[in-house]
Amino acid sequence: MNVVSKLAGFAVVLALVFAGAALAGSQLDVHPGRTVKLGMGAMDAPQPVRGLAVSENGLTLELARRTALQGSPFALAFRIVDGRGQTVRDFDVEHTKRMHFIVVRRDMTGFQHLHPRENADGTWTVGVTLPEAGSYRVFADFSVGRKPYTLADDIVVDGSLRSRPLPAPAGAVDVDGLRVALTEGAAKAGAESELTFSVTRAGRPVAVADYLGAKGHLVALRQGDLAFLHVHPDENRLKFMATFPTAGTYRLFLQFKTTDGRLHTAAFTQEVSR
Ligand SMILES: [Cu+2]
């Protein structure tokens with residue numbers, strides 16, 4: 001079969017698909033109840049999860065490498081390309097940065113939040129050290145044309161692996177001599193949840209400085225597939241609004257700065273009910 005007749009065949013198939021779709025559409029219109037339900041479903045749908053794919057909405061994360069040596073610092077280079085393979089350079093500023101880069105091992109240990117440097121050719125470079133063996137998920141979190149993206153890939157570190165189970169949910173976590181407490185309303189799948197944190201040292205409240213244009217930064221990942229949730233910070237308090245898309249277990253990585261300029265990371269396990 002020559003190319004033209006192949007294409008013609010393809011066009012016929014497409015036409016049939018469209019005819020089928022049009023028919024399905026008209027059938028739905030005959031049953032208004034179903035049509036309305038579909039429309040509302042789209043509107044009511046919680047924010048889609050991100051961070052499950054290297055490619056999404058026409059943009060692709062291209063890592064220069066997918067392996068690393070255990071404990072050896074290296075420069076990780078990557079770029080974001082569009083559908084024609086062109087390097088994307090026009091990024092929006094989100095949370096005071098044009099690119100956020102999250103690294104976490106698949107068992108949700110070893111969390112790192114990095115800010116890569118943009119090079120003249122449009123590639124990004126960031127110094128990374130992966131101290132333990134295992135498979136690490138890396139997320140490039142950015143916005144282009146006011147459209148948010150979280151593209152992800154894996155980097156593997158060979159070696160003998162000691163994985164850890166996820167810690168049980170706890171109302172407070174100790175980090176760097178600070179106690180961080182999480183006050184949350186019951187987190188329910190599909191509903192907006194408020195996550196409020198407080199920081200104390202020896203029972204006394206600790207002041208929190210600004211970090212990335214808010215009081216803190218929160219990354220929430222779903223256990224199992226490490227789906228990445230978009231979370232809205234509050235400018236004035238360590239408070240975040242998050243919509244957990246499904247029931248299950250999530251890991252929250254809260255980052256905040258104390259007034260001495262030190263950055264702290266406190267991780268919480270969050271159960272989300274149906
Ligand atoms: Cu960042």
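I take buried to mean under 20% relative accessible area, exposed over 50%, and partly exposed in between (1.4 Å probe, protein chains only).

**Model.** I note that this is a predicted model, in which local features need pLDDT of at least 70 and side-chain atom pairs count only at pLDDT 80 or more, while totals for chains, interfaces and linings use all residues. Residues are numbered from 1 along each chain as its sequence is written, and side-chain values use heavy atoms, with hydrogens and water left out.

**Chain.** I looked up the secondary structure and found two helices and 21 strands in the protein chain; these are DSSP runs numbered from the N terminus, helices being H or I of at least four residues and strands E of at least two. Of the 274 residues in the protein chain, 39% are buried.

**Copper site.** I looked up the protein donors of the copper ion, which are His100 (ND1), His113 (NE2) and His115 (NE2), lying 1.8 to 2.0 Å from it. Donors are N, O and S atoms within 2.8 Å of the metal (3.2 Å for Na, K and Ca); water is not among the atoms, so sites may look incomplete. Along the chain the donors follow the spacing H-x12-H-x1-H. Histidine 113 counts as buried because its relative accessibility is 10%, whereas histidine 115, at 28%, counts as partly exposed.

**Sheet.** I traced an open sheet of five strands, in the order β1-β2-β4-β8-β7, with antiparallel pairing. Its edge strands, β1 (55-56) and β7 (117-118), each pair on one side only. Two strands pair if DSSP finds at least two bridges between them; β4 (residues 74-81) and β8 (residues 124-128) have five, in the antiparallel sense. Phenylalanine 78 stands opposite tryptophan 124 in β8.

**Aromatic pairs.** I found nine aromatic pairs in the structure. Rings of Phe, Tyr and Trp (its six-membered ring) pair if their centres lie within 6.5 Å; planes under 30 degrees apart count as stacked, over 60 as edge-to-face and the rest as tilted. Phenylalanine 91 and tryptophan 124 form an edge-to-face pair, 5.5 Å centre to centre with 80° between the planes. This pair links distant parts of the chain, 33 residues apart: phenylalanine 91 lies in the loop between β4 and β5 (100-105), tryptophan 124 in strand β8. Both phenylalanine 91 and tryptophan 124 are buried. Phenylalanine 197 and phenylalanine 240 also form an edge-to-face pair, at 6.0 Å and 75°. Phenylalanine 197 is buried, with a relative accessible area of 5%, and phenylalanine 240 counts as buried at 1%. Finally, I record one aromatic cluster, formed by Phe91, Trp124, Phe142 and Tyr149.
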